[in-house]
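Subject: Structure for you to look at

Hello,

Here is the structure I said I would pass on. Please open it before reading further, and keep it on screen while you go through the notes.

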Amino acid sequence: MASHPATSLTQTFTYPSQIPQYLIKWARLGPSDAQPLIFIHGTPWSSRLWAPYALALSNKYCVYLFDNPGYGQSELLTSAATAEFASNGPLTKQAEVTAALFSHWGFTRASAEDARSVRAPHVIAHDNAGLVALRMALQQSCSYKSLTLIDVVAVGPWGLPFFKLVAENEEVFDSIPPHMFDGIVRSYVRDAAHKPLRKEDEDMLADPWVSGDGRPGQEGLVQVLKQASTRVSDDVEGLYHEIGESGLPVKIIWGKEDKWVPCERAEMLKELIGGKSQVVLVEEAGHLIQLDQPERLMAEMVTFWVEVDSAS
């Protein structure tokens with residue numbers, strides 16, 4: 001999956017004004033006055049997983065891509081930021097920072113009813129970005145025109161055993177020789193797909209952690225997995241019904257062969273959200289549905305947005 005110049009993250013946003021400060025690299029594609037789409041990636045991915053979709057959709061939509069703090073090109077600038085990031089299992093800080101980025105882009109915080117009349121974005125969240133997007137709506141008053149949740153981490157119980165292993169042996173994983181760590185990372189990302197990954201896709205997913213050209217690198221991935229080992233959502237799961245009650249259109253898309261987050265979680269999440277939320281299970285797709293079934297995923301997303309836009 002070769003990168004395209006149009007999807008390069010050339011813009012920079014920093015938040016807050018004091019330390020610890022977070023840096024986010026981002027890009028905007030397509031007509032600035034078109035309906036906005038915002039793609040949010042999860043762990044341990046980057047915006048490059050969404051880049052082909054963004055490029056294909058940019059002829060009709062105004063598309064935003066960004067790397068979460070600590071991922072891809074968005075470096076953690078200080079040791080204080082790194083420490084805060086690693087301990088933020090609930091992802092409340094990431095929700096706060098991402099909400100500030102939305103405001104920077106000019107997306108106002110309004111009620112779900114108002115979001116139908118203002119220029120609110122369609123938001124697409126994968127993996128733990130689901131929890132971030134839900135927290136943003138519930139705790140940061142962010143407005144969406146619709147919310148698409150794809151194989152998301154949003155309902156406990158949490159975590160792969162590998163996360164706990166890394167958290168309990170941080171120094172060991174930090175000191176693994178690079179060539180051995182490369183093999184661990186590649187095995188880890190291959191496990192997220194149902195179909196065999198193409199070499200270029202595997203490289204795209206693994207390179208930020210193993211390429212040896214600086215951050216995030218090996219130490220960065222250890223911090224990401226350490227954070228994932230403490231993921232919690234108990235404080236907010238009981239509020240998900242407010243999303244459904246607000247009338248926000250929600251579509252939950254899940255790979256039926258997802259080994260990381262079983263597809264049964266899709267129905268659990270639908271029940272918690274309620275309202276008019278809908279679930280689609282995709283055959284022959286794992287956690288990396290973007291690579292396993294790209295055409296089906298694109299069709300499900302675009303159909304949903306067209307339905308929402310036509311009803312507004």
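This is a predicted model: local features need pLDDT of at least 70, side-chain atom pairs count only at pLDDT 80 or more; totals for chains, interfaces and linings use all residues.

Helix α6 covers residues 161–168 and helix α10 covers residues 217–228. Two packed helices are described by the angle between their axes and the distance between the axes. For α6 and α10 the angle is about 115°, and the axes are 8 Å apart. The crossing of α6 past α10 is left-handed. On the α6 side, the contact is made by Phe162, Phe163, Val166 and Ala167. On the α10 side, it is made by Val222, Leu225, Lys226 and Ala228. Of these residues, seven are nonpolar, one is charged and none is polar.

Helix α10 itself

From first C-alpha to last, the 12 residues of α10 reach 17 Å, close to the expected 16 Å. The helix is mostly covered, with 10 of its 12 residues buried. Among the buried ones are Gly217, Leu221, Val224 and Gln227. The cover over the buried residues of α10 includes α2, α6, α7, α8 and α9.

Val250

Val250 sits in strand β7, which spans residues 250–255. Is Val250 buried or exposed? Val250 counts as buried because its relative accessible area is 1%, and the cut-off for buried is under 20%. Beyond its neighbours within four places in sequence, Val250 has contacts that include Leu147, Leu149, Ile273 and Phe304. Ala80 lies 170 residues from Val250 along the chain, and their C-alpha atoms are 36 Å apart.

Regards

Methods:
Residues are numbered from 1 along each chain as its sequence is written. Side-chain values use heavy atoms; hydrogens and water are left out. Helices (H or I, at least four residues) and strands (E, at least two) are DSSP runs, numbered from the N terminus. Buried means under 20% relative accessible area, exposed over 50%, partly exposed in between (1.4 Å probe, protein chains only). Contact means heavy atoms within 4.5 Å. Axes are lines fitted to C-alpha atoms, for helices over the stretch in contact, and angles run from 0 to 180 degrees between N-to-C directions. A crossing is left-handed if the near helix is turned anticlockwise from the far one by less than a right angle, and right-handed if clockwise. Ala, Val, Leu, Ile, Met, Phe, Trp, Tyr, Cys and Pro count as nonpolar, Asp, Glu, Lys and Arg as charged, and the others, Gly among them, as polar. The expected span of a helix is 1.5 Å times one less than its number of residues.
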